[in-house]
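This report goes through selected local features of one protein model. Please keep the sequence and the coordinates at hand while reading.

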Amino acid sequence: MILIVDSGSTKTDWCFATSATAFKVVHTGGINPAVQAKEEIESTVADMLLQASRESISCGSVAKVSFYGAGCTEAFAPIVEAALRSHFITATISVHSDLLAAARALCGTAPGIACILGTGSNSCLYDGHAIVAHTPSLGYILGDEGSGAVLGRMFLNAVLKGAMSEEISKDFLEETGLTHTDIINKVYRQPSPNRFLASLSKYISRHLDDVALERLVVENFETFISRNLSNYKAPDNVINAVGSVAFFYKEQLRKAALNKGYEVGHILKSPMEGLLSYHFET
């Protein structure tokens, strides 16, 4: 049995698998060694073990653990490995970035451009084995073009500065009950403003029949392509992407790609399906 883990800052999926089609998944809170103490990570691992026991999963049968997660850089990966090692003593353990998870899930062993488009965004050029080029995402303040957080920021800017139609602006404010003061407070004074901004995608996705609003989504992707993917100079110019924003706005992503001279290849909502294929078929 192998354990494949897909972890973000808010949620972790633990997939115990004996084949690409035979598996059980346990869900826990997120793990990010860049912002969490070792004790907090160990507590999440303990929660996973408890849930696995309830599902009659024998963790002692795990021969290999492949952990992919946010914040798992070379400096922080050993923290996660140590937390896992105390419970999977005889297993082979490897800890990788969430970006490598996206590359393996989307491209397998073939070279290509792999992107994460969710609350945040990221991208890389992958040679079929390793990441060979990477444009830094820089977070939602300095970067994260193409993400849900930046889309939300663009939308609020248009609403509050009168650049969006009066009909959409009025409907949005009435539906959400938000005021100008509420928005400023959520963005500048409350924790996790990136999540608040990304949450506005739910409203945007329901109103894509509005020409200006759909154009906003396309423009967000165009900026992502121009500022991140053009650096890779990939010969085939095919964009592969994983994440909720890529999945739910796939048509707008295709429009943006076409406008910038690219094509869209694989799109996945979650990397787990692709990771199962990668680990059992390669």
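The sections below cover a helix face, aromatic pairs, a surface patch and backbone angles.

## Basis

The model is predicted.

## The buried face of α2

Helix α2 spans residues 77-85, and its buried residues are A77, V80, A83 and L84. Viewed down the helix axis, these buried residues fall within an arc of 130°, so they line one face of α2. An α-helix has 3.6 residues a turn, so residues three or four places apart point the same way.

Which elements cover this face? The cover over the buried residues of α2 includes the strands β2 (11-17), β4 (64-69) and β5 (92-97), together with helix α1 (38-54).

## Aromatic pairs

The count of aromatic pairs is five. One of them joins W14 and F67 in an edge-to-face arrangement, with 6.1 Å centre to centre and 65° between the planes. W14 belongs to strand β2 and F67 to strand β4, so this pair ties together parts that are 53 residues apart in sequence. Are W14 and F67 buried or exposed? W14 has a relative accessibility of 0% and counts as buried; F67, also at 0%, counts as buried.

F155 and F172 form an aromatic pair that is edge-to-face, with centres 4.9 Å apart and an angle of 85° between the planes. Here F155 sits in helix α5 (residues 148-160) and F172 in helix α6 (residues 166-176), so the pair ties together parts that are 17 residues apart in sequence. Both F155 and F172 are buried. Ring pairs also bring in Y203, giving a cluster of F155, F172 and Y203.

The relative accessibility of L142 is 66%. Exposed means over 50%, so L142 counts as exposed.

## Positive phi angles

S56 is not a glycine, yet it has a positive phi of about 60°. This residue lies in the loop between α1 and β4; α1 and β4 are also among the elements that cover the buried residues of α2. With a relative accessibility of 66%, S56 counts as exposed.

N237 likewise has a positive phi, of about 50°, although it is not a glycine. N237 is placed in the loop between α10 (211-227) and β9 (238-242). Its relative accessibility is 22%, so N237 counts as partly exposed.

Terms used
Residues are numbered from 1 along each chain as its sequence is written. This is a predicted model: local features need pLDDT of at least 70, side-chain atom pairs count only at pLDDT 80 or more; totals for chains, interfaces and linings use all residues. Side-chain values use heavy atoms; hydrogens and water are left out. Buried means under 20% relative accessible area, exposed over 50%, partly exposed in between (1.4 Å probe, protein chains only). Helices (H or I, at least four residues) and strands (E, at least two) are DSSP runs, numbered from the N terminus. The arc is that of the directions from the helix axis to the C-beta atoms. Contact means heavy atoms within 4.5 Å. Rings of Phe, Tyr and Trp (its six-membered ring) pair if their centres lie within 6.5 Å; planes under 30 degrees apart count as stacked, over 60 as edge-to-face and the rest as tilted.
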